[in-house]
Amino acid sequence: MTVVLWILAILAVPTLIFFGWLAWVFLKEFFSPSHDEDAAAEAAGKLGLLPAARQNTEHAGPLPAGWEAALAAVRGGDWQAAAGLLRETGRDWDRRSMAAYLLGDLAAEEDDWLLAWEAARPEDPDAAVVRARSTVILAWKLRGGKRATYTTSEQFAGFHRTLAGAREDIARAAALNPDDPTPFITEIWVALGLGYPHAEMDKLWAEITARAPHHYEAHFSALQYWCGKWRGSERLAKEFAEQAAAKAPLGSLLTVLPLIAHFEHDESDDAEGDRTPEMVARVDAGLADAAAADPAHPRLPELRHLLAYYLSLQDRDEMAIEQFRLVDGYVNALPWRYRGDGMSAYYCRIRDSSALAVAAAD
């Protein structure tokens, strides 16, 4: 009996080795990048495009000249750098709202510098608008970015309480600078979070468009309100997007709205819905809009990211790479943003597929 067992054991060794080898091959293929992915990354590298590790996840594109230095000074506690940054924007409402958001985001984390600014200039409308933005941003940070199912009652309580309190800050900022649409744009995120009825949102929208009828951030924010996941529906979001894009002058970037409305409500697993004649026409309109826009428009990269994405899905790879080149190095924009920590990897996967297609066509 013992001899038989030894013979069986000896015969089992090659079988175990064979299955062990199969397991190793499977694990190697499962956890290692495919040859296609390697080739795609190599093609992107040959075009001078950056790997995922070198993508900036804070912004959609480079900030206007001088802003990085000003924000760094503000982080160091220099409120006068913040005052100078907002003063420099003047009545360029798109730049002003963006600068106020960036400063508000810093203040939501640490506001000693803003308190010093408010103490030195109690009636400064620039300090007031930063305070309003910071309070709303703080509220959304308290809520967190997860779906309602995964958000605690304590988080919701802090969120709603802080948003309600923000309305006073917003009203004060609006009173100190009646021409500025930024306080009203800020309130859209209060409307979204507290669930303003549609009629109340319409009144708020009238205040904004009376001051800045084609403001990019205002339209982006309002579209979020009208989306099905918040206070509207797919129909209402797409109607808002199409009407706003149709009314906007070329160069305003608002051709992005129908693309965003489509993206926000697209639950399909394939790209067929992104390749329809209607979607191709929307992308073509976006390309014309981007070409006509001020190259220094601070929101232009956000349109380019979506154009690059949909051009890639439509197999218009050379055109996609043109747009990817113009934004490469920055990924905090739709459609990548919703991937959280994976946004850089997702961006590079879509971009590299177009780079490989371009290389194969040469």
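**Salt bridges and helix packing**

At 35% relative accessibility, glutamate 207 counts as partly exposed. The model in which this residue is seen is predicted. Across the whole structure, a search finds 25 salt bridges, and helix 13 has ten of its ten residues buried.

- Glutamate 207 and arginine 211 join their side chains in a salt bridge (2.8 Å, N to O).
- Both residues belong to helix 10 (residues 198-211), where they are four residues apart, about one turn of the helix.
- Arginine 211 is partly exposed, with a relative accessible area of 25%.

**Salt bridges between distant parts of the chain**
- Lysine 229 forms a salt bridge with glutamate 264, with 2.9 Å between the closest N and O atoms.
- This pair is 35 residues apart and links the loop between helix 11 and helix 12, which holds lysine 229, to helix 13, which holds glutamate 264.
- Lysine 229 is partly exposed at 44% relative accessibility, whereas glutamate 264 is buried at 15%.
- Glutamate 123 and arginine 172 also meet in a salt bridge (3.7 Å, N to O).

**Packing of helix 13**
- The buried residues of helix 13 pack against helix 11 (216-226), helix 12 (234-247), helix 14 (277-292) and helix 15.
- The axes of helix 13 (residues 256-265) and helix 15 (residues 300-313) come within 10 Å and cross at roughly 60 degrees, so the two helices are oblique to each other.
- Residues making this contact include Leu259 and Phe263 of helix 13 and Leu306 and Tyr310 of helix 15.
- By class, the contact has nine nonpolar residues, one polar residue and no charged residues.

Technical notes:
Residues numbered from 1 in each chain as written. Predicted model: local features only at pLDDT ≥ 70, side-chain atom pairs only at ≥ 80, totals over all residues. Heavy atoms only, no water. Axes fitted to C-alpha atoms, helices over the stretch in contact; angles between N-to-C directions. Parallel < 35°, antiparallel > 145°, perpendicular 65-115°, else oblique. Contact = heavy atoms within 4.5 Å. Nonpolar A, V, L, I, M, F, W, Y, C, P; charged D, E, K, R; others polar. Buried < 20%, exposed > 50% of the residue type's maximum accessible area, 1.4 Å probe, protein only. Salt bridge = Lys/Arg side-chain N within 4 Å of Asp/Glu carboxyl O.
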